[in-house]
Amino acid sequence: MLNGKIAVVTGGTRGIGYAIVRKFLLNGAKVVLFGSRSETVEKALASLAQENPAWEVSGDCPNLSDAAAVADAIEKVREKYGRIDILVNNAGISDSTSIDDYTSEQFEKVMSLNVNAIMNAVIPSVKIMKEQGSGNIINTSSMVSICGQRSGVAYPTSKYAVNGMTWSLARELAPFGIRVNAVAPGITKTDMVANLPEAMIQPLINSIPLRRIGEPDEVADAFVFLASDMASYVTGEILSVDGAMRT
Ligand code: NAD
């Protein structure tokens, strides 16, 4: 579905991002994954190489909050492949701080990675995509962008912003052949959720209409669809992959 496409995936070293990288490779894309540290990037690349040494995948670890560093890393991808077809803005941090404990620094930390960092990758990528006359941007939103959450107000606020960016950029960039969408996962079995005690997991499962937690691969499949030509008329969409939990 993605044969020969060049993709950049931020937060691609583990969890949902790793599953996206793997599914993109399985579907014929060439991928550059971004992670926060060189050690985790190397570990992810080693694991992918072990699964299939023929996959064309490399990695980098620009500080996503540093616009110049991200622009350099994006430019390196263009130098290597001559183009960027798909940009996945997946890196993100969650937050459950209660309102009594919030500091402006904590609020800014979440907004900086979950919102500002996306723009740091979007701005240089869009220049390249406009030149080539096509492109595809997919952001990782969240179920909480639709229903909020009980504490950690920065996190749903940041994901509401991701939806706003997605809708707005979709409209602004459509005339240039660039589609912009987001995937809004529900509770997904990444390290964070896998390590929760059983006593917390079961009530969570009971609140999900499909009665189970989602797998990273199930979320990644939505990215493959949106990145592919199967979604050629889909832009400005926030695609929920949450077992209907938002309701
Ligand atoms: P994870 O913690 O397993 O992975 C997060 C990724 O982001 C990692 O690859 C990490 O390297 C990267 N990252 C974190 N901080 C970074 C930083 N400062 N600089 C650069 N990269 C950084 O989390 P996940 O569950 O796979 O989450 C991925 C995305 O999915 C996030 O945007 C998250 O908000 C969203 N999401 C997750 C769930 C869930 O239940 N797991 C639900 C809804 C949305």
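Mentor: We'll take the ligand site, then the pocket and cavity, then a salt bridge and some backbone angles. Keep in mind that this is a predicted model.

Trainee: Which side chains have an N or O atom close to a ligand oxygen? Start with Y155.

Mentor: For Y155, a side-chain N or O atom sits 2.5 Å from an oxygen atom of the ligand. T13 has such a side-chain atom at 2.9 Å from a ligand oxygen. For T190 the distance is 3.1 Å, again from a side-chain N or O atom to an oxygen of the ligand.

Trainee: And what share of the ligand does the protein bury?

Mentor: The protein buries 86%. That is out of 820 Å², the area the ligand exposes when taken alone.

Trainee: Switching to empty space. How do we find it at all?

Mentor: A probe the size of a water molecule is rolled over the atoms, and that shows where space is left empty.

Trainee: OK. What volume does the second largest pocket have?

Mentor: About 150 Å³.

Trainee: Which residues line the second largest pocket?

Mentor: The lining includes K5, D85, I86, S134, G135 and N136. G177, R179, A227, D229 and S232 also belong to it. By class, that lining has four charged, five polar and two nonpolar residues.

Trainee: And cavities of 30 Å³ or more, how many?

Mentor: The count is one. The largest cavity has a volume of about 40 Å³.

Trainee: What lines the largest cavity?

Mentor: T10, L64, N89, N90, A91, L113, A117 and I118. Helix α4, residues 104–132, gives the largest share of that lining, with three residues.

Trainee: New topic. How many salt bridges does the structure hold?

Mentor: Eleven. One of the salt bridges joins the side chains of R22 and E51, with N to O at 2.9 Å. This pair links distant parts of the chain, 29 residues apart. R22 is in helix α1, and E51 is in helix α2, residues 38–51.

Trainee: Last one, backbone. What is the phi of R211?

Mentor: R211 has a positive phi of about 60 degrees, although it is not a glycine. R211 lies in the loop between α8 (198–206) and α9 (216–227).

Trainee: And where is A244?

Mentor: A244 is in the segment after β7, residues 238–241. The phi of A244 is near 70 degrees, a positive value in a residue other than glycine.

Key:
Residues are numbered from 1 along each chain as its sequence is written. This is a predicted model: local features need pLDDT of at least 70, side-chain atom pairs count only at pLDDT 80 or more; totals for chains, interfaces and linings use all residues. Side-chain values use heavy atoms; hydrogens and water are left out. A polar contact is a pair of N or O atoms within 3.5 Å; within protein, one must be able to donate a hydrogen and the other to accept it, and residues adjacent in sequence count only if both atoms are side-chain atoms. Accessible areas come from the Shrake-Rupley method with a 1.4 Å probe; for residues, only the protein chains shown count as cover. On a 1 Å grid over the protein atoms alone, a cavity is a set of points where a 1.4 Å probe fits but cannot get out, and a pocket is an open set with protein on both sides within 12 Å along at least five of seven lines; lining residues have an atom within 4 Å of a point. Grid points are joined across faces, edges and corners, and a volume is the space filled by probe spheres set on the points. Ala, Val, Leu, Ile, Met, Phe, Trp, Tyr, Cys and Pro count as nonpolar, Asp, Glu, Lys and Arg as charged, and the others, Gly among them, as polar. A salt bridge is a side-chain nitrogen of Lys or Arg within 4 Å of a carboxyl oxygen of Asp or Glu. Helices (H or I, at least four residues) and strands (E, at least two) are DSSP runs, numbered from the N terminus.
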